[in-house]
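Please open the structure in your viewer and keep the sequence panel beside it, so that each selection below can be made by residue number. The tour moves from one selection to the next and says what is found at each stop.

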Amino acid sequence: MTGADAPAAALRATGLGFRYRARGGWALRDCGFTVPRGRITALVGRNGAGKSTLLHLAGGLLRPRTGEIRVLDAVPGTPEARARVALLTQDKPLYPRFTVADTLLMGRRLNTVWDQAAAEAVVREGRIGLGAHVGELSPGQRTRVALALALGKRPELLLLDEPMADLDPVVRGEIMAALMTEAAERGTSIVLSSHVLPELEQTCDWVLMLREGRVEISEDADTLREEHRLLTGRADLRGSLDGHTVVTERTAGRQLTALVRARGPVDGDWHVERPSLEAVLVAHLQAAGATTAAEEAAA
Ligand SMILES: Nc1ncnc2c1ncn2[C@@H]1O[C@H](COP(=O)(O)OP(=O)(O)OP(=O)(O)O)[C@@H](O)[C@H]1O
């Protein structure tokens, strides 16, 4: 399907590559994926996998070296994309001398669409006064103000680069709930990079996993859950796993435990469990690390 027939995508990339210096290594390499609209996407990957780079490309702060990326079918950084997409980066650039009210006024002036009530609600829920100076806020409070700026835009696509890193657990829960409400009520597409997998399990319905700058997984979260099995059985049953994808396996004495992506029914006398999404993601992240170590040893 192409053109008008294509289902609307929140994020789409083909042959996307980026490196920070002309002769440096590739932070992203030959990435192709489609994230449908209306999803809450977990963007996961080990440190240095390329998550921030991808979000910066999607937000129009960087330009691809190869291939292309589209946000809501628009070129990142163009006026059309800027009006419809909000990006919250880790450094959250805010003016420390501005009050919170000044900051929201700036949001109102810079954006063609602006919902003051929505922005103020995010700030108020954090018990932050509109007269407080941004420079005097804690990092977590500043995150909330930055999120208020992003949500005040009423974006159709919200890109969040590890937004929760400096928030306490109660506030993390509140912010996640606010994001879920935003997505449910307005159909906002959200792409959220994070290392906190249990949080993602409860909120995300699409998974985009990067591994050393390449796309490892771009899939529906329920499909991932349903197709993986945690198998425990005798080690000599290992041969029955041929034809399935063994993501991780561990042998202790005569017992084998394997997390498998099953292609159809698995033969053999296995004890079978359905793993959580978190367990599936951890296994894939572990597998990525194990392969890297093996490749380094072979080099
Ligand atoms: N400003 C930069 N200059 C040069 N290289 C960079 C720069 N920022 C990132 N990189 C490199 O690009 C690669 C991808 O980094 P990126 O920050 O996108 O990964 P990440 O998945 O967000 O990592 P983390 O989970 O640690 O935040 C890494 O190899 C990193 O060293």
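Select Val207, which in this predicted model is a buried residue, because 25 other C-beta atoms lie within 10 Å and 20 or more are enough for that class. Val207 sits in strand β8, and if residues up to four places away in sequence are set aside, Val207 touches Ala42, Val44, Ile217, Glu219, Ala221, Leu224 and Leu281.

Next, widen the view to the nonpolar core. Which residues touch the most other members of the largest nonpolar core? They are Ala148, Leu159 and Val207, in a core of 71 residues. Helix α5 (residues 139–152) gives the largest share of this core, seven residues. Domain 1 (7–212) and domain 2 (224–298) both contribute residues, so the core lies between them. In soluble globular proteins, nonpolar side chains tend to be buried together.

From there, select Leu159 and display its contacts, again leaving out residues up to four places away in sequence: Leu159 touches Leu55, Ala58, Gly59, Val85, Ala86, Leu87, Leu88 and Val191.

Now colour the two domains separately, using the bounds of the domain assignment, 7–212 for domain 1 and 224–298 for domain 2. Their C-alpha centres lie 33 Å apart, and nine residues of domain 1 are in contact with 11 residues of domain 2. On the domain 1 side of this contact, α7 (197–203) and β8 (206–211) each supply at least two residues, and the residues of that side divide into five nonpolar, no polar and four charged.

In an unreviewed entry, UniProt lists residues 11–237 as "domain: ABC transporter"; in the model, the end C-alpha atoms of residues 11–237 lie 42 Å apart, and the span is 36% helix and 29% strand.

Move on to the ligand and select its surroundings, which are Tyr20, Ala27, Gly45, Asn47, Gly48, Ala49, Gly50, Lys51, Ser52 and Thr53. By class, this shell has three nonpolar, six polar and one charged residues, and helix α1 (residues 51–58) provides the largest share of the shell, three residues.

Arg154, in the loop between α5 and β6 (157–161), has a phi near 50°, a positive value in a residue other than glycine. Glu212, in the loop between β8 and β9 (214–220), likewise is not a glycine and has a positive phi of about 45°. Arg154 counts as partly exposed because 19 other C-beta atoms lie within 10 Å, and Glu212 is also partly exposed, with 19 other C-beta atoms within 10 Å.

For the last stop, select Asp91, in the loop between β5 (85–88) and α3 (100–110). Is Asp91 buried or exposed? Asp91 counts as exposed, because Asp91 has 8 C-beta neighbours inside 10 Å and the exposed class takes residues with 12 or fewer.

Definitions and conventions:
Residues are numbered from 1 along each chain as its sequence is written. This is a predicted model: local features need pLDDT of at least 70, side-chain atom pairs count only at pLDDT 80 or more; totals for chains, interfaces and linings use all residues. A residue is near a molecule or strand if its C-beta atom, placed from the backbone, lies within 6 Å of it. Helices (H or I, at least four residues) and strands (E, at least two) are DSSP runs, numbered from the N terminus. Ala, Val, Leu, Ile, Met, Phe, Trp, Tyr, Cys and Pro count as nonpolar, Asp, Glu, Lys and Arg as charged, and the others, Gly among them, as polar. A nonpolar core is a set of buried Ala, Val, Leu, Ile, Met, Phe, Trp, Tyr and Cys residues joined through C-beta atoms within 7 Å. Domain bounds come from an automatic or database domain assignment. Two residues are in contact if their C-beta atoms, placed from the backbone, lie within 7 Å. UniProt positions are given in the numbering used here, feature names are shortened, and annotations may be inferred rather than shown by experiment.
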